[in-house]
Amino acid sequence: MNKEELTEVVEIVYAMWNKELPSLPDAQKNVYRAWHRVLADTPKDGILEAADRLATIEKFIVTGKQIGRAHV
């Protein structure tokens, strides 16, 4: 997954749970880095499908690692 796709995925997931990304640039960069570390080899469509499933059962925002585990 490239940088643009990762950015889009993270923003979509945060929006699904009605959350905002950190406002400080360094903190925001760390969020993207963490998600990239666990999801870099996962296709974008697979991540979004897993996020869709988790959005129906999880009350609180999920982590990139939870999405990675939910991806089948």
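This is a predicted model: local features need pLDDT of at least 70, side-chain atom pairs count only at pLDDT 80 or more; totals for chains, interfaces and linings use all residues.
Helices here (H or I, at least four residues) and strands (E, at least two) are DSSP runs, numbered from the N terminus. Residues are numbered from 1 along each chain as its sequence is written, and side-chain values use heavy atoms, with hydrogens and water left out.

**Helix α1**

- Helix α1 runs over residues 3–16, and its 14 residues reach 20 Å from the first C-alpha to the last, close to the 20 Å expected at 1.5 Å a residue. The expected span of a helix is 1.5 Å times one less than its number of residues.
- L6, V9, V10, V13 and Y14 are the buried residues of α1. They sit on the same side of α1, because they cover an arc of only 130° around the axis. That arc is taken from the directions from the helix axis to the C-beta atoms.
- Buried means under 20% relative accessible area, exposed means over 50%, and partly exposed is in between (1.4 Å probe, protein chains only).
- Turn to the face of α1 that points away from its buried side and you'll find the exposed residues E4 and A15.
- The buried residues of α1 pack against α2 (25–39), α3 (44–55) and α4 (64–70).
- At the N-terminal end, N2 caps α1, with a side-chain oxygen 3.1 Å from the backbone nitrogen of E4. For reference, a polar contact is a pair of N or O atoms within 3.5 Å; within protein, one must be able to donate a hydrogen and the other to accept it, and residues adjacent in sequence count only if both atoms are side-chain atoms.

- M16 belongs to helix α1 and is partly exposed, with a relative accessible area of 32%.
- Leaving aside neighbours within four places in sequence, M16 is in contact with A51 and D52. Contact means heavy atoms within 4.5 Å.
- M16 and V72 are 56 residues apart along the chain, and their C-alpha atoms are separated by 20 Å.
- N18 is in the loop between α1 and α2, and at 71% relative accessibility it counts as exposed.
- N18 is not a glycine, yet it has a positive phi of about 55°.

**Helix α2**

- On the buried list for α2 are V31, Y32, W35 and L39. They cover an arc of only 90° around the axis, so they lie on the same side of α2.
- D26 and R37 are exposed residues on the face of α2 turned away from its buried side.
- The cover over the buried residues of α2 includes α1, α3 and α4.

- α3 has 12 residues, which should span 16 Å at 1.5 Å a residue, and the 16 Å between its end C-alpha atoms agrees.
- The buried residues of α3 are G46, I47, L48, A50, A51 and L54, and they pack against α1, α2 and α4.
- I47 in helix α3 counts as buried, at 0% relative accessibility.
- Not counting residues up to four places away in sequence, I47 touches M1, V9, L39, T42, I67 and H71.
- I47 and V72 are 25 residues apart in sequence and 9.4 Å apart in space, C-alpha to C-alpha.
- T42 is buried too, with a relative accessible area of 12%. Setting aside residues up to four places away in sequence, T42 touches M1, I47 and H71.

**The largest pocket**

- The largest pocket has a volume of about 160 Å³, and its lining is made up of K3, L6, T7, K29, Y32, R33 and H36.
- α1 and α2 are the elements that give two or more residues to that lining, and α2 gives the most, with four residues.
- How is a pocket found? On a 1 Å grid over the protein atoms alone, a cavity is a set of points where a 1.4 Å probe fits but cannot get out, and a pocket is an open set with protein on both sides within 12 Å along at least five of seven lines; lining residues have an atom within 4 Å of a point.
- Grid points are joined across faces, edges and corners, and a volume is the space filled by probe spheres set on the points.
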